[in-house]
Amino acid sequence: MIGWSKSEKVYSSPWIGPQRHYDIIKEASIAFVVVLLLTIVLAVTFSSPNTPPITIQAWAKAQPTGFVDIALTELNHTSDSATYGPPYNTSNNPATDSVQSLGPISIQRILGVKYPINTAQTFVLQPLSSLPGEAALHSAIKQFDQASVQTQDKWVAAYQSVMKSRALTSSKLQSNVPTAGPVPTLMIHLLSMAQSGALDAQLLTHSSFFTTNYTNPILFLGDSWKAQHGASYWGKIVTSQHLAGNQWGVMNETGSWPGQPWLWLYTMWYQIPPLSTSDKSNSDVTVIAIMAVLSVTLLMIPVIPGLRRIPEKVPLYRLIWRRYYRDPEFTNAASNVEINSQTSSSVRPGK
Amino acid sequence: MISFDPAIGAIVDLNHPDTYVHWGFILISVANLVVIVVLVVLFIAAIGLPFLKGRSIGRKAFHAPTNHESTMEGEGWTARSRYLGLRYLPPEKLLPDGQPSYVSSWVYVFGVLTIGALAMAILSGFILAIEGPSWWQTSNIGHLVNSLHLWSVELFMGFMTVHLWAKFWMAAWRGKRWLTWMTGVLAFLMSVFEAFTGYLSQTNFDSQWIAFESKDAFNSAGIGAFVNAMNFGQALMLHIVVVPIILVLIVGIHVLMVRVRGVVPPIDAEPDHLASDSELVSQGVVQPDKENISKEAKL
């Protein structure tokens, strides 16, 4: 049983001091009208941002070699998505995965794989399999599928060594690389498919008629940001719009509109050491933990000794209630109106 | 490079790269900085500017509660609920026509302004929901409604922030008002999540990037196993059904708690202005014998 302090009991007592007239319905109505007008003025004056999303098609056209570089990492399971770990796949290599932990505990690993993704199959081979005709392509897919993992990796590595000297924007793909097996055929067709726009549709998680899940195309696009950073097609737009994590990006918006300034505290932790430097591998879970503690603190201020007394130590409240402190009996009336004697029964006796 | 749509109907064109202020590790867009400065100025002005003169209410103290004896009879859950409602939230408390005179500052209007902005966000959201998630990108009217939605949300978050600052510096949790404060903080946190799911639901570049960028934080905390930011359908459902219902419920409880407990009195208020136990008994506000509620309900 919680016992209330004397101070709590006193401040919870009904007010029997002076009152002013108040009309709660009228106040709410006026407030709504004011907000309505203000919103209309702001909307008409500033409109709202609407930068269209990028597509894999636009990426493949702008940076054909950049696209193929990433597709190769999907094929040999070395992309960020392929090595991510839970919730997309299993990973036992802390050096390459994206699994984060708080001390010895990793909730991410405990909860396991929720949305299984095999990048070679989901991002490359299955979309290519959907292309009709193309006997050479289907033969290449079959050859790749039936090869051992070591052979697949050797083929991909051979093609990567050919591609690595090319600029991301280069559109010339080498088709004759004997040491790369069927990989050149796969990549040439995948690039063609991407540039036509067909890969965007094929990557949607639920490839039935209806779809609302964009996990696969976003992860594929994101792998370019993770591997090529600001040089990637997506990265160039993101950094120019100040949306990257090291640019306080979560707060920001495209164009010159305000974004989510209320996220300033959350975003701030990513900008200061050690979270911005040495301990980056666990930065997200650390920031979430810090914000959880701060949020609970804000929630529990009424019961935290010391914190709950801060406002009483800072005389800002004396400004807010200055009229009351100057004259405790004021009624805020425009003119002095006598207290209605008919209601005197409810007035404190003796006053 | 990607093309940018013109900002339809804008008097001031914001559809160009923003200017950023860089100071030490702080990097902030001018637009966000302006919002923060406006909020600080609003807070200072709300405290500093003299409040409107009003009318005297013609009485000095609280109303003694109306006699609801007849409605307090009966047994069962319904009768007990009616009894509790009338006991803690009688009509004169729920819809008051008087306030303590210390409630005379512009800082007090930010609570009701927040609710007004929430109503505006919900109404504009209704139109967007009725027309579908991509309508606003193909229709000028739709873009205007989207703009109304965006700015009502900016106002909602802004007003709520000023309200939060004011209530903190008033130590508004005093006098058994803990639940009022806590529901307010919960409403703020829920609003941040509501706004976040809204950004995910825009079906534009922002949604695409935020979905990708936020997944690591969600996954790292285990939230990603339940909420996949890249699943547009899930984000939209959260934004227009689950989170707003919870948010409105929390805000409703918060407002009712304000009505039940009343507006917190000034720190070091005059003792004569706060009723003592004996006065409450003499005026019928508190029963002399503090029987438990279940017994009273059976009377």
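1. Start with how two helices of chain A, H11(A) and H12(A), sit against each other: they are roughly perpendicular, because their axes cross at roughly 75° and angles of 65 to 115 degrees count as roughly perpendicular (under 35 is roughly parallel, over 145 roughly antiparallel, the rest oblique). The two axes come within 8 Å. Axes here are lines fitted to C-alpha atoms, for helices over the stretch in contact, with angles from 0 to 180 degrees between N-to-C directions. On the H11(A) side the contact uses A:Leu221, A:Ser224, A:Trp225 and A:Gln228, and on the H12(A) side A:Tyr233, A:Trp234, A:Gly235 and A:Val238. Contact means C-beta atoms, placed from the backbone, within 7 Å.

2. A word on what you're looking at. This is a predicted model, where local features need pLDDT of at least 70 and side-chain atom pairs count only at pLDDT 80 or more, while totals for chains, interfaces and linings use all residues. Residues are numbered from 1 along each chain as its sequence is written, and chains are lettered from A and ligands numbered from 1 in the order in which they are written.

3. By class, the contact of H11(A) with H12(A) has 5 nonpolar, 3 polar and no charged residues. Ala, Val, Leu, Ile, Met, Phe, Trp, Tyr, Cys and Pro count as nonpolar, Asp, Glu, Lys and Arg as charged, and the others, Gly among them, as polar.

4. H11(A) itself covers residues 215-228 of chain A, and its end C-alpha atoms are 20 Å apart, which agrees with the 20 Å its 14 residues should span at 1.5 Å a residue (the expected span is 1.5 Å times one less than the number of residues). Helices (H or I, at least four residues) and strands (E, at least two) are DSSP runs, numbered from the N terminus.

5. Is H11(A) mostly covered or mostly open? Mostly covered: 11 of its 14 residues are buried, among them A:Ile218, A:Phe220 and A:Asp223. Buried means 20 or more other C-beta atoms within 10 Å of a residue's own; exposed means 12 or fewer, with partly exposed in between, and C-beta atoms placed from the backbone. The buried residues pack against several chain A helices, including H3, H6 and H10, and against helix H7 (205-220) of chain B.

6. That brings in the partner chain. The contact between the chains takes 120 residues from chain B and 111 residues from chain A. On the chain B side, helix H5 (residues 140-169) gives the largest share, 14 residues. That side divides into 69 nonpolar, 34 polar and 17 charged residues.

7. Strands cross between chains too. S1 (residues 19-21) of chain A runs antiparallel to S3 (residues 98-100) of chain B, joined by 3 bridges (pairing takes at least two DSSP bridges). A:Arg20 stands opposite B:Gln99.

8. Finally, chain B has 10 helices and 3 strands, and 44% of its 299 residues count as buried.

Note on methods: Two residues are in contact if their C-beta atoms, placed from the backbone, lie within 7 Å.
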